Amino acid sequence: MTPRPDSPEHHARLAGECRRLLAFGDRLALPGGGAAYLGDTGEPLPAQGVRTWITARTAHVYSLAALMGFPGAEPIADAALAGLTGPLRDAEHGGWFHALDASGAPDRAAGKSCYDHAFVVLAASSAALADRPGAAALLDEALTVYLHRFWDEAAGLPLDAWDCAFTAPEPYRGLNATMHSVEALLAAADALDALGRPGAGAWRDRADAIARFAVDLADRHDGRLPEHFAPDWTPDLDLNRDRPDDPFKPYGATPGHGLEWSRMLLQVEALRGGDDALVSAAARLFDRAVADGWAADGAEGFVYTVDWDGEPVVRQRMHWVLAEALAAAAALHRHTGETRYADHYAAWWDYAERRLIDREHGSWRHELDPANAPATAVWPGKPDLYHAVQATLLPRLPAAPTLARALREGLLPDANDGNEGAA
């Protein structure tokens, strides 16, 4: 079994896994700016185009890597940032396109999404703290766009999407972009503080308001969070029942998001001061996600989605769900000291080693079928390092501050003595 989440021996293993993951992305940087979509062996897949969320996550991850002294991190971070300040940026209407197609043309039909823009805010925040060129200006722009286009002050929650020209918002409201807004806004607040710039408190207040909404949802829905909503934030529990494996709007409850929210609520609690309601909700979301998702169909691994009675719907196993489970278990163990969280953490790292971590080709297998064999029903290839890299960092850092600021302040011992950047 894997050591406890707070043991030095395990932290050394996490540092090694972090380096291995970062090395997998050595071909991410695109000459024209942006991050490539990577295949199973780390090869760029040009037919997949250039996606804002992947580019932003790459800028975030390799800015963290730069703060850790990882060799070659800066050019990758800078190439991703060049994509966000260049071809992915809509110079006419503002904000960021969802993607560029294989020919380099912007995907205007997809409109402008809060999900993409939240990751641009996160990327700019981390890059600014890593002192990457142009990042501070990008952060200013990203926060301005987010505030004026996506933040609904009356609701205290974000809009989900607009048409490309920002002429009309879509009626749909979604919890996925709302959740990632919490991470992004907390990161932005920490970046503003660390850079000696005003406004951090207001961004933390917005993240806190979103967190309180999630707490209320958890209370009203027995720990199963609705993902989809009408414009007045009334849950739409039947959305996409006919296509339950939609990659961004799946039907039912998503245990992985319950785990991700659990970790983020503890982060809000750590940043805002003691709050039993946030801690209680974090534990409730964790317990529900584990009860509904882990080995729910008799095989190990987390199922992707369940219905409102907790029965599995989409039984694929996604790597990001396991990564978020690890981060949540480590956070709850740190906060409570309860052995059961450490036991879950150990069992899940053992599963990751046996099923997800690809020692032959690199990175983690992004998707497994219900029998835990590699699959590509939702996402082909291995385009994303964000969840797995964070799973190697979050157990080694305090709940607050956010990742980039914690690394900038030297709170990761492995980074301080140069081990994180060693080959």
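**Figure 1. Ser363 sits in the loop between H11 and strand E10 (367–368).** The model is predicted; local features need pLDDT of at least 70, side-chain atom pairs count only at pLDDT 80 or more, and totals for chains, interfaces and linings use all residues. Residues are numbered from 1 along each chain as its sequence is written, and side-chain values use heavy atoms, with hydrogens and water left out. Helices (H or I, at least four residues) and strands (E, at least two) are DSSP runs, numbered from the N terminus. Ser363 is not a glycine, yet has a positive phi of about 60 degrees. Most residues other than glycine have a negative phi. With a relative accessible area of 1%, Ser363 is buried. Buried means under 20% relative accessible area, exposed over 50%, and partly exposed in between (1.4 Å probe, protein chains only).

Figure 2. Rings of Phe, Tyr and Trp (its six-membered ring) pair if their centres lie within 6.5 Å; planes under 30 degrees apart count as stacked, over 60 as edge-to-face and the rest as tilted. Trp233 has a relative accessible area of 10%. Its place is the loop between strand E8 (228–229) and helix H8 (255–272). Trp233 also has a positive phi, about 65 degrees, although it is not a glycine.

**Figure 3. Phe286 and Tyr341 form an edge-to-face aromatic pair.** A search of the whole structure finds 18 aromatic pairs. In the pair of Phe286 and Tyr341, the centres are 5.2 Å apart and the planes make 75 degrees. This pair links distant parts of the chain. Phe286 belongs to helix H9 (residues 276–293) and Tyr341 to helix H11 (residues 339–356), 55 residues apart. Phe286 and Tyr341 are buried. Ring pairs join Phe286 and Tyr341 with Trp294, Phe302, Trp348 and Tyr351 in a cluster.

**Figure 4. Ala323 is buried in helix H10 (residues 319–336).** The relative accessible area of Ala323 is 1%. Contact here means heavy atoms within 4.5 Å. Leaving aside neighbours within four places in sequence, Ala323 is in contact with Trp364, His387, Ala388 and Ala391. Ala218 is 105 residues from Ala323 along the chain. The C-alpha atoms of Ala323 and Ala218 are separated by 21 Å.

**Figure 5. Thr52 lies in helix H2 (residues 52–67).** Thr52 has 0% relative accessibility and counts as buried. Neighbours within four places in sequence are left aside in the contact list. Thr52 then contacts Leu84, Leu88, Trp96, Phe97, His98, Ala99, Asp116 and Val120.

**Figure 6. The peptide bond from Ala400 to Pro401 is cis.** Omega is near 5 degrees for this bond. Most peptide bonds are trans. Pro401 is placed in the loop between helix H12 (386–393) and helix H13 (403–408).

**Figure 7. Gly199 occupies the loop between helix H6 (175–194) and helix H7 (200–220).** Gly199 is partly exposed, at a relative accessible area of 37%. Ala189 is 10 residues from Gly199 in sequence. In space, Gly199 and Ala189 are 7.4 Å apart, C-alpha to C-alpha.

**Figure 8. The protein as a whole holds 14 helices and 10 strands.** Its radius of gyration, taken over C-alpha atoms, is 20 Å, close to the 22 Å that the globule rule gives for 423 residues, so the protein is as compact as a globular protein of that length. The globule rule is 2.2 Å times the number of residues to the power 0.38. The C-alpha atoms fill a box of roughly 50 × 50 × 45 Å along the principal axes. Of the 423 residues, 59% are buried. Among contacts between residues at least 6 apart in sequence, 64% join residues at least 24 apart. The protein exposes about 14700 Å², and carbon and sulfur atoms supply 51% of that area. Accessible areas come from the Shrake-Rupley method with a 1.4 Å probe; for residues, only the protein chains shown count as cover. The mean positions of the 38 positive and 61 negative charges are 2 Å apart. Lys and Arg count as positive and Asp and Glu as negative; His and the chain ends are not counted. The place of a charge is NZ of Lys, CZ of Arg, CG of Asp or CD of Glu.
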